[in-house]
Amino acid sequence: MSLLSPPAEFPFPFPPYDIQQDFMKNLFDTLEKGQLGIFESPTGTGKSLSIICGALTWLRDHNEHLKAELLKKIKEGEKAAADDSDPDWFSAAAKKQEGQEEVRRCREDLKKLEKQEERVSDMKQRRHRVKKSNFQKIDDEFEKLFQDLHEVKENVQRELNSISGADSLSAEESMLLLEDYDSDQEDSFSKEKEQDDDDDDGCLKIYYCSRTHSQLSQFVREVQKTVFGEDARVVSLASRQNLCVNEAVTNLGNLSLINDRCTELQRGKKGRPSKVDGDDVACKKKKTTSGCPYYKHTALENLADNLLLEVQDLEQMVSLGKKTKSCPYYAARYAIKDSQLVILPYNTLLHKSTREACQIKLKGNVVIIDEGHNLLETIANIHSVFVSKLQFMGAHAQLSQYMQRYEKRLSPRNLLYIKQILFFINSQIKLLNEENIIPVSNVNERESEPPEEEAVMGSPLMQVTELLRALLHSSEEGRVVVSVGATNRTSSVKYLLLNPASQFHDIVRECRSIIVAGGTMHPMSEFRNQLYLSAGADPERVREFSCGHVVPGDQIMPVALSNGPTNTVLDFTYQNRGNPKVLDELGRVLVNLCAIVPGGIVCFLPSYDYEQKVFDYFVKAGVIDRLSGKKKVYREPKKSNQLDAVLNNYATIIRQTASNTTGLTGAILFSVVGGKMSEGINFSDALGRCVVMVGLPYPNTHSPELKEKMQFLNKHVSPGADGKSPGSVFYENLCFKAVNQSIGRAIRHRNDYASILLLDHRYNRPTSIQALPKWISNHVNQCEKFGQAFGLIRKFFIGKRIV
């Protein structure tokens, strides 16, 4: 079948920049050829719109081309079958049989396409049915009748148990009894499941995933701006916390509690299992008897149709769900089969069991992973498991109580399995009590969260289950790190996945094409070697694309500064960064900067701990008072629920000071590399006229996790052309990927402008300059002296229009 060429023009909402046109053409070609792409487009270059218009144009053209090619082959085959002019009857018969087989395959493929078109047509018809309220009434009456019959059955059973003297269990307790299970039968079950997966999986799909729900919602809004917002079938997947409309469930607040309560309700009000349990929607055509009033088959099907026939973000989905009294969480899963573009978070795609639970079929489809600069680390984190001693103790208590309550009702095999799990848990508790284990610190110098904001964990037993599942991986793929702390919460067993490619293998094998895109994807060799090739990809399939920035060089002023105002070397290495002389020099630099930079300044420090130390020192030294004379001072909060308030106040002050009514010139915001504001937050225009990087945020070399990762790479990955060990390259990359994400917060669109100040003498090394994005590295001013650097920055802002 012939390949399509990219169109001369794409249906863009406005005339695209040249780099956007190049991006879309390369994306189109990569998808058509079934390649594995690594795409880099700097933040602020309209990457999302380029992905939407490039990918959906390809999907539309590919489907039309495929149908036309199938019809053409069928006609040619039928014509050849009717041709009896070949004198060689044996050769003619062989060709005829071969042609008939080709025609048969083409007809089957064409039938699938026509069947999909019929589904869409049926959707549109169902949407306009006036009798749907009657179907809802039938559903309600059916559920009530089923409940009444079930209640009578339960009452009769209780009476019989009472007469016979048997131990009576409530319906809720009966639900907790384990079904008879044999671990030796798992292989046959997997084969049956694979056969089920071979069924018709609907139309050709593009799975688009990004890091956060807010980024996914923003992507949907970008789709709505294009011509594809009119007719593309788009569905967004998200957690129950984002899509549940049952207030009795959402009011629980915690994600684990919400998930548990939702699952309970799907089992029914009286504790009986429903036709659809958990996330499995394979039986969606059957009546359901759920205990949730928003979980009704007819209503879910109607909502699924509405989701597909009108592009909606998460907020719109929830609003529609409340209006129709139907659950968007499950309706979205109903809609996957008939969708063309599925939008979902990283974890849902990258975690195999979650992917299967959501009925996501990758075979022959396309995956686009946006904001993929930390993809390798993300995969490793998703499949790494942390279980504290406190959680082991909780799991042991839960399982022990369960066994005592139901021991007489469990099968001998299940009882054996429970005792084996208890033995494992008990051995881990004993291990963490050992006094001869050397305590280790697993906190990086550049941590992403403070300890007090650890997420509230779900069931301890589920964490133990995840640990057991992780231990099934090959011993070469991961390591187990045991840490003994001062408390039961800080003592832990952690499984580390060292080879992310092992969990990416199925995605590479099944998908037609994969695109990993981001604002800063350098070094691309890391993705090529450690992601694609290590996952078994053919090197010929891998394709790289990188473009420049839409912002001209005269709209950025990157400066690498080695010395402060008193000529003290700016040395923020771990051993020297607490030096009072260095901190005093940092204070002088920031005070001077506030005097010449209008609007907002965002100052990034390597960790929350160091940010706290710097701020405390600045308070005592009077630096905060001097900064406050020019700009309002803000700090990144440690708790996520305080983030919006800080950002809103920061933005408000900058808007107010633009008119010079307060006597201030803007605001300065102290932030943390790898924290909440270093990725996904836009400090465009006056919100980020200058980004300051204090030091290089290298991870803690004493971290056992980092040591194991570096050793693994040195053992399994070949050294580069420069002779550097893969472990040391990985260590350098961790630092500069974090730097590049932070400094990318400032320039957000074509007319934006900002200065970038890199404070540390190490930034003036050639290797450091090369590690920066090209749109920055090509314009960096390397300055040894403070006066030279600030002369450049002052001149840069003179005459600039403040937006």
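These legends walk through several close-up views of a predicted model. Local features are described where pLDDT is at least 70 and side-chain atom pairs where pLDDT is 80 or more, while totals for chains, interfaces and linings use all residues. Residues are numbered from 1 along each chain as its sequence is written, and side-chain values use heavy atoms, leaving out hydrogens and water.

View 1. Helices here are DSSP runs of H or I with at least four residues, and strands are E runs of at least two, numbered from the N terminus. Helix α24 covers residues 608–621, and its end C-alpha atoms lie 20 Å apart, in agreement with the 20 Å that its 14 residues should span at 1.5 Å a residue (the expected span is 1.5 Å times one less than the number of residues). Y608, Y610, E611, V614, F615 and F618 of α24 are buried. These residues cover an arc of only 160° around the axis, so they sit on the same side of α24 (the arc is taken from the directions from the helix axis to the C-beta atoms). Buried means under 20% relative accessible area, exposed over 50% and partly exposed in between, with a 1.4 Å probe and protein chains only.

View 2. Among the elements covering its buried residues are α23 (580–596), β12 (599–605), α25 (623–628), β13 (632–635) and β14 (666–672), with contact meaning heavy atoms within 4.5 Å. Turn to the face away from the buried side and you will find the exposed residues K613 and K620. Just after α24, G622 adopts a positive phi of about 80°.

**View 3. The K47–E371 salt bridge.** A salt bridge puts a side-chain nitrogen of Lys or Arg within 4 Å of a carboxyl oxygen of Asp or Glu. In K47 and E371, the closest N and O atoms are 3.6 Å apart. K47 belongs to helix α2 (residues 47–81) and E371 to the loop between β5 (366–369) and α17 (375–382), so the pair ties together parts 324 residues apart in sequence. K47 is buried at 9% relative accessibility, whereas E371 is partly exposed at 21%.

**View 4. The E526–K737 salt bridge.** Here the side chains of E526 and K737 meet at 2.9 Å, N to O. Because E526 lies in helix α22 (residues 524–533) and K737 in helix α28 (residues 726–743), the pair links parts 211 residues apart in sequence. E526 is buried at 4% relative accessibility, and K737 is buried with a relative accessible area of 6%.
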